[in-house]
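Thanks for coming, everyone. Please look at the screen while I talk.

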Amino acid sequence: MSDLRFNELRGEKVVYAIHRQSRTFLPTEDHCPLCPTPANHLAEGTMETEIPLPGFEIAVFDNLYPAFRAPQGAAEVIVYTDSHHGSLGTLAPERAEALMWVWRHRYQELGGREDVRYVLIFENRGVEVGATLHHPHGQIYGYPFLPPVPKLELAADARLRGCASCELLRRELEDGRRVVHENEGLVTYIPYAARWPYETHVVTRQHRPSLLACEPGELRLLAECLQILTRGYDALFARPFPYVMVVHQAPTDGHSDGHLHVEFYPPLRTATKLKYPAGSEQGGGTFVGDTLPEDCATALREAIASVA
Amino acid sequence: MAPASASPQPPSDRSDIAQSAEHSQHRQAGTQHEVYGLLDIERHVKDDGRGLILYARREREHEGQ
């Protein structure tokens, strides 16, 4: 069981899950725990992976090394495909759309649990952001408390006297310089005050508190946006583009509002240089940017167009 | 891994989140199957007790709902 402590100086909770120290670390493909189990291994009962089947489409299972688990939250792994290679951007469009429904299902089911106050769906892509498995996958944490970032979003709603995401989307569309892609259902932009050079927010045009409020067509459009964006990211520096991707939705406390959007925090500032959260960022809590969001948006827009 | 024999989740009083018209369940040959939107869902319990859910895409019969 994880140890949950409160950091008085920062006013935030810290989770200690020391069993995670021994988790699988960058295994080779033939030892990947997220690949299907070969038929001969199934027959012999040896070398089973996390998915003891010769093939599958999308699989979700309880994390072997959970940061949270019942009755104090949840931690799950979502495997996008049984292929070891590829990424969210290279999935077949139908698979990417199905993945949106899986996200929706997990949000609904985990959010219905009494011990889950916030459902965070995310993906860490690349060793630069701490991914320990190469196989295309994401994770879900069901927090037994409301974490600080969604709390800040609720505070922004109060400060702007309405939905902050709706207002910020209105401003971005009015300005236009930071919008990198849009379709009938969603808009992707680099925020006016982005912390990371190529940070993007993929935001529903309509106020949708969560995936549960989306029409089926919107889920398909969301998948399309995410795939176009991640392929554009890969084209930007002609290399697999590392990122942290997080799905922001309403808390599952039964009364708080939210606005569905997906945020990407990529650490690269050039093809070979990382933006580190260093002295000012960690010690002062203030990000110092080396690039302007408008310039990064121009470059990203061109990269997206080059692979469209 | 063994077929799931228990309900997938404890009941919740948060009916707005936990229930939806798109969600139906049935059991067949000891395995729990569900339909959710465009997904077929099959639940299992791994040998160590952890849950495993397999999702497969259905035909696009939900379109137009």
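How many aromatic pairs does the structure hold over all chains? The count is 15. Rings of Phe, Tyr and Trp (its six-membered ring) pair if their centres lie within 6.5 Å; planes under 30 degrees apart are stacked, over 60 edge-to-face, and the rest tilted.

Take one of them, Y141(A) with Y143(A). This pair is edge-to-face, with 6.0 Å from centre to centre and 70° between the planes. Y141(A) and Y143(A) are both buried. Buried means under 20% relative accessible area, exposed means over 50%, and partly exposed lies in between (1.4 Å probe, protein chains only).

Now another pair, Y233(A) with Y243(A). Here the rings are tilted: 6.3 Å centre to centre, 35° between the planes. This pair links distant parts of the chain, 10 residues apart. Y233(A) sits in helix α5, residues 216–236 of chain A, and Y243(A) in strand β10, residues 243–248 of chain A. Both Y233(A) and Y243(A) are buried. They also belong to one aromatic cluster, together with Y198(A), F237(A), F241(A) and F264(A).

A word on the ground rules. This is a predicted model: local features need pLDDT of at least 70, side-chain atom pairs count only at pLDDT 80 or more, and totals for chains, interfaces and linings use all residues. Residues are numbered from 1 along each chain as its sequence is written, chains are lettered from A and ligands numbered from 1 in the order in which they are written, and side-chain values use heavy atoms, leaving out hydrogens and water.

Next, charges over rings. R5(A) lies over the face of Y16(A), 4.9 Å from the ring centre. K13(A) has its charged end over the ring of F145(A), at 4.9 Å from the centre. The cut-offs: NZ of Lys or CZ of Arg within 6 Å of the ring centre and within 35 degrees of the ring normal.

Back to strand β10 of chain A, where M245(A) has its place. Is M245(A) buried or exposed? It counts as buried, because its relative accessibility is 1%. What does M245(A) touch, leaving aside residues up to four places away in sequence? Its partners include Y80(A), W103(A), F122(A) and F264(A). Contact means heavy atoms within 4.5 Å. The C-alpha atoms of M245(A) and Y265(A) are 6.4 Å apart, though 20 residues separate them along the chain.

Let's step back to chain A as a whole. Its secondary structure comes to seven helices and 11 strands. Those are DSSP runs, numbered from the N terminus: helices are H or I, at least four residues, and strands are E, at least two. Of its 308 residues, 53% are buried. Its C-alpha atoms fill a box of roughly 60 × 45 × 45 Å along the principal axes. Among its contacts between residues at least 6 apart in sequence, 62% join residues at least 24 apart.

Chain B next. It has one helix and five strands, in the order β-α-β-β-β-β from the N terminus on. Of its 65 residues, 35% are buried. For contacts between residues at least 6 apart in chain B, 28% join residues at least 24 apart.

Why does H44(B) count as buried? Because its relative accessible area is 10%. Its side chain makes a polar contact of 2.6 Å with the side chain of E42(B). A polar contact is a pair of N or O atoms within 3.5 Å; within protein, one must be able to donate a hydrogen and the other to accept it, and residues adjacent in sequence count only if both atoms are side-chain atoms.
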